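Here are some notes to keep beside you as you look at this structure for the first time. Take them in order, with the 3D view open.

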Amino acid sequence: MSRRQQLRRLQAAETALAESRQVLQGSAQARLDELRRMPTVWLVTGGFVAGVIVHRGAACLGHSRLASSLLVTALRVSRLAAGTLLSGVSRIDP
């Protein structure tokens, strides 16, 4: 493959990546707007209920290695998702 063909493919991939990024940023902004419209009571109550469910679920699983690895993975994914959501919104131009 010649250098020009490689450059064209790279530019096409960069264009596709930029378009995907814009779609994700729009989606992140829409989700944050939806969360901002929700009453605070619902958000706090929902967070509390989710925490209780996760705590009870972890207590029922006991101290197995599988449960520990699943819990650690879930925490990592949730941090990644939250960071992605916030970074996507912070890059949106007004």
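**Notes for a first look**

1. Mean pLDDT for the chain is 79, with 83% of the residues at 70 or more. Confidence is highest in α1, at 89, and lowest in helix α3 (residues 65–90), where the mean is 70. Where pLDDT is low, the predicted coordinates should not be read in detail.

2. Now for the overall layout. The secondary structure consists of 3 helices and 0 strands, so to speak a plain α-α-α order when followed from the N terminus.

3. Helix α1 deserves a look of its own. Its 35 residues reach 51 Å from the first C-alpha to the last, close to the 51 Å expected at 1.5 Å a residue. Within α1, the buried residues include Gln-25, Ala-28 and Leu-32.

4. How many salt bridges does a search of the whole structure find? The search finds 1. It joins the side chains of Arg-36 and Asp-33, at 3.6 Å from N to O. Side chains of opposite charge can pair when their charged atoms come close. Both Arg-36 and Asp-33 belong to helix α1 (residues 3–37), where they sit 3 residues apart, about one turn of the helix.

5. Arg-36 is exposed, with a relative accessible area of 59%. Asp-33, at 29%, is partly exposed, because that class lies between under 20% and over 50%.

6. Last, the chain as a whole. Of its 94 residues, 6% count as buried. The chain exposes about 8300 Å², and carbon and sulfur atoms supply 63% of that area.

Conventions
Residues numbered from 1 in each chain as written. Predicted model: local features only at pLDDT ≥ 70, side-chain atom pairs only at ≥ 80, totals over all residues. Heavy atoms only, no water. Salt bridge = Lys/Arg side-chain N within 4 Å of Asp/Glu carboxyl O. Helix = DSSP H or I, 4+ residues; strand = E, 2+ residues; numbered from the N terminus. Buried < 20%, exposed > 50% of the residue type's maximum accessible area, 1.4 Å probe, protein only. pLDDT = per-residue confidence, 0-100. Expected span 1.5 Å × (residues − 1). Areas by Shrake-Rupley, 256 points an atom, 1.4 Å probe, with all protein chains shown as cover.
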